[in-house]
Amino acid sequence: MKYNIIKDTNPRLRKVSEPVSLPLSKEDEETIEFMLTYIIKSTDEQYAAKHNIRAGVGLAAPQLGILKRMFIVYIPGQENGDIIYQLVNPEIIEESDKLIAIEAGEGCLSVDKPHPGLAHRHYSIKMKAYDYHTKEDVVIEASGYEAIVLQHEFDHLNGVLFYDRIDPINPDKKKDGEVLI
């Protein structure tokens, strides 16, 4: 199966994705395996340059035009090793009142045009899902950058893009008590 990352001009990215049946179909397994392989390869500078792709830390099925509730996250080189998730039917079950944003702004493989500003997110979250990587139901407690990435990918499942979270009037305005990284 051939996959291409669709851009934010494609109306499919604004649709809410459907739950995925478990166990995964062969097609869904191939999709979620492709997503992780693609992101891991994107972090290899030589591979990325040769294939003219941008590095990423996450990818959601809707970004491939597949409206199913699954996404992957790959954050290499963390204190306790690489963070790898292949999440199916994720749900955010808890979120902090404290907020966080990336000072330099977020990016997205589906968004080519820059959108400067703070994309306000919850500093910490608790998410439950089936993790295809570990082949089990998981509850993930994440904070900081990891929480931002999980929320960014989760938003894709609901047709939301990072720049929807930027205040159009005051894009750089920090919220009370918000942490900037």
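1. Start at Ile72. Apart from neighbours within four places in sequence, Ile72 is in contact with Ile32, Met35, Leu36, Ile39, Val57, Gly58, Leu59, Tyr85, Gln86 and Glu153. Contact means heavy atoms within 4.5 Å.

2. A word on the basis. This is a predicted model: local features need pLDDT of at least 70, side-chain atom pairs count only at pLDDT 80 or more, and totals for chains, interfaces and linings use all residues. Residues are numbered from 1 along each chain as its sequence is written, and side-chain values use heavy atoms, with hydrogens and water left out.

3. Ile72 also belongs to the largest nonpolar core, which has 21 residues. Those with the most contacts inside this core are Ile32, Met35, Ile39, Leu59, Met70, Ile72 and Val88. Helix 1 and strand 2 are the elements that give two or more residues to the core. The largest share, five residues, comes from helix 1. A second, separate core of 18 residues includes Phe71, Val73, Ile75 and Leu150. (A nonpolar core is a set of buried Ala, Val, Leu, Ile, Met, Phe, Trp, Tyr and Cys residues joined through side-chain atoms within 4.5 Å. Buried means under 20% relative accessible area, with a 1.4 Å probe and protein chains only. Helices, H or I of at least four residues, and strands, E of at least two, are DSSP runs numbered from the N terminus.)

4. Now helix 1 itself. Its buried residues are Asp28, Thr31, Ile32, Met35, Leu36, Tyr38, Ile39 and Ser42. Seen down the helix axis, they fall within an arc of 160°, so they line one face of helix 1. The arc is taken from the directions from the helix axis to the C-beta atoms. An α-helix has 3.6 residues a turn, so residues three or four places apart point the same way. The buried residues of helix 1 pack against helix 2 (45-51), strand 1 (58-60), strand 2 (70-75) and strand 3 (83-95).

5. Next, His120. His120 sits in the loop between strand 4 (99-101) and strand 5 (121-122). His120 is buried, at a relative accessible area of 10%. Its side chain makes a polar contact with the side chain of Glu178 (2.7 Å). Not counting residues up to four places away in sequence, His120 touches Ile100, Arg165, Lys173, Lys175 and Glu178. (A polar contact is a pair of N or O atoms within 3.5 Å; within protein, one must be able to donate a hydrogen and the other to accept it, and residues adjacent in sequence count only if both atoms are side-chain atoms.)

6. Last, Ile6. Ile6 lies in the segment before helix 1. Ile6 is buried, with a relative accessible area of 15%.

Technical notes
Buried means under 20% relative accessible area, exposed over 50%, partly exposed in between (1.4 Å probe, protein chains only).
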